[in-house]
Amino acid sequence: MTTSAELRPRRGVHTFAAALVALTVAACGGGGGGDVASDGGGGAIAPSSQSAQRCSPNNPYAAPNLRSGSLGTEKQWVRSYLNEAYLWYSEVPSINANAAQFSSEADVYGSLDNYFQALKVSARDRFSFTYPTDEWNALSQSGVTAGYGIELMVGSFSPPDRNIRIAYVEPGSEAAAKGLRRGDRLYTVNGYLADSDGSAAGLATLQASTFPQAVDLGATFTWQFTRGGVLLPTLTMTVANVTKQPVLVTSTINYNNGDKVGYLLFNDHIATAEQQLINSVNFFATEQIDDLVLDLRYNGGGALYIASELAYMVAGPARTTQQNRVFERLSFNAKRSAENESFGFLDTTLDGSQGLPSLGLSRVYVLATGSTCSASESIINSLRGVGVDVRLIGGTTCGKPYGFSAKDNCGISYFPIEFQGVNALGFGDYANGFVPGVSNVGANVAGCSAADDLTRPLGEPDETMLATALGYRLNNDAVCPVLGGRSGPLSNRQAATAGGGSMLRSPARENRVLVSRQ
Amino acid sequence: MSNLALPLLRRHTVLALALATLAAGCASPPPPPPQERPARLGGSPGDACLAEVSAFAAEQTGQKVQLGPGAFASGATLWLESGMQRGANGKMLDGRGRKPPEVFRLTVRGSRCEIGHDGNAARRQLNSCNCSPLPTN
């Protein structure tokens, strides 16, 4: 299905990369030209350049030579920068910067983060964040993460029924070697009941063990899992560097009438995904699949260029590069409209060394849950933007059409939402997620509600979400199948509650895994 | 000895000299330098080897570097990424990362193992690592 014409780059990857760099430079170098505006309390907001890098002597993240300012000047910078860079700069609430929770010299970062969070437009913004600059910029081998090789999901953040289960196991990991499987339910860690323990010590142990970080390498925990209600032998698990395999399953489902449906489980937008996705698409092309089920249920996003490449490989050049169509257009606030920028579909690898294969599909079934986020949503939105008929199966996606650029001040990087990503049709209003259902307008996407079925392996045609997609396809995309009560036709609104629990991975700055921030 | 002997002798001498020169010429060129080939780290790279790789990457990028034991284990390319941190809700904090990865490549020429950085073309010999050329397709 792939031709040499399809493989010929039409839109240079270097253009894309250069644009990324230019955008980053612009974002990092910007911030000095903001208008003087009101802080909401009657005071004028000075340009951030006036308070930049004037750091508190008590800020441990600031370079020593920059500690000539104060916590006050750092807060002043935060307010000024939001006034310049934030997508909703004109809606920032009026906050008393001198309040106690923003003013602890003993915890400068905590104070600044509290202040930054308080300034967010809470009705719109679930995503802006801060992070120590050194830690954010640290480079990790693509796909390497501290853990055991299991991805966990939780049913509830509170006892007595947290229902922590394994979503999938990384091949070659300690968890795989010890026989753990998708669906296994965590029973105890170091003797603490995973479902119901409410003690401080139990909570701390659960948090530390289930979502370890690099500093925990070598730590061991004693785990007990149940499978089908039966207690499995006790395991001792050691935190180690695990290499994630971003494309976990590539397969076809073959029908008696000769139809072939490809199935692709894609979990992480990371650099090592590029070649794996190419291999998968080459396989599908060789197999001459008729349709594709793209499983993004656990894919929380990552590198946007990977999303652009995959979207191209699904749609092919005729709908994308040959028409110079936009993969995603970044739309900044009114003060920064000159920075609005469009990114095309990538038809080569990022280094330009290899043309991408493509399937040229006019329809794709996407499996999604609330963990389907950001760059994964860009795939859905960009494909819809070029006329690919996306059918959504599962639950409502997370709703993150936004992006950021890191902006450092005093060793802390600030990430206010800066832009909204829109597709070739100019659509990007899916802040409440893409919702599967009957309607196919705006953020409502035609498809079916279906729950994540942890009792069956991913990629197995009987697994509820995949089975729903396959049944829906057999029903000519008109009727959602009823699978023994496991799924069925729901309105888009009802679908918002389907799709399973929340994926949990390592927390960013502190272990708050079992206490939801959203 | 006739007068013809000398020219005949000279002819033989010249011919012999020419053949000798030709033979010497065939043997004398130095062997071609070993070809540079993409490589991977053989066996289990030791801590010293990974530290050498990590130090080079940190020098070239100016950032802290975390490697896994699988660095260059199965291929000649190493990708290093930043900004992939996740939040307390398990989701990517950014999720729409626009920063391309840093790319490093491993090559071997004879017994000389080298790492190179795509970003600035810097290269360095790795003295603590054993490299194996990747099989050619």
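A: Let's start with Ser251(A), which sits in strand S14 of chain A, residues 247–254 (strands are DSSP runs of E with at least two residues, helices are runs of H or I with at least four, and both are numbered from the N terminus). This is a predicted model, where local features need pLDDT of at least 70, side-chain atom pairs count only at pLDDT 80 or more, and totals for chains, interfaces and linings use all residues. Residues are numbered from 1 along each chain as its sequence is written, chains are lettered from A and ligands numbered from 1 in the order in which they are written, and side-chain values use heavy atoms, with hydrogens and water left out.

Ser251(A) counts as buried because its relative accessibility is 19% (buried is under 20% relative accessible area, exposed over 50%, partly exposed in between, with a 1.4 Å probe and protein chains only). Leaving aside residues up to four places away in sequence, Ser251(A) touches Val261(A), Gly262(A), Tyr263(A), Phe283(A) and Phe284(A) (contact means heavy atoms within 4.5 Å).

Now for the rings. The whole structure holds 23 aromatic pairs over all chains (rings of Phe, Tyr and Trp, the last by its six-membered ring, pair if their centres lie within 6.5 Å; planes under 30 degrees apart are stacked, over 60 edge-to-face, the rest tilted). One of them is the tilted pair of Phe102(A) and Tyr115(A), at 5.4 Å centre to centre and 55° between the planes. Phe102(A) lies in the loop between helix H3 (71–85) and helix H4 (108–119) of chain A, and Tyr115(A) is in helix H4, 13 residues apart. Phe102(A) is buried at 4% relative accessibility, and Tyr115(A) is buried with a relative accessible area of 4%.

Phe283(A) is partly exposed at 31%, whereas Phe284(A) is buried at 0%. Elsewhere, Phe129(A), Tyr131(A), Trp136(A), Phe404(A) and Phe415(A) make up one aromatic cluster.

As for the chain contacts, 57 residues of chain A meet 36 residues of chain B. The rule finds three salt bridges across that interface (a side-chain nitrogen of Lys or Arg within 4 Å of a carboxyl oxygen of Asp or Glu). Arg105(B) forms a salt bridge with Asp351(A), with 3.2 Å between the closest N and O atoms. On the side of chain A that touches chain B, helix H5 (residues 133–137) gives the most, with four residues.
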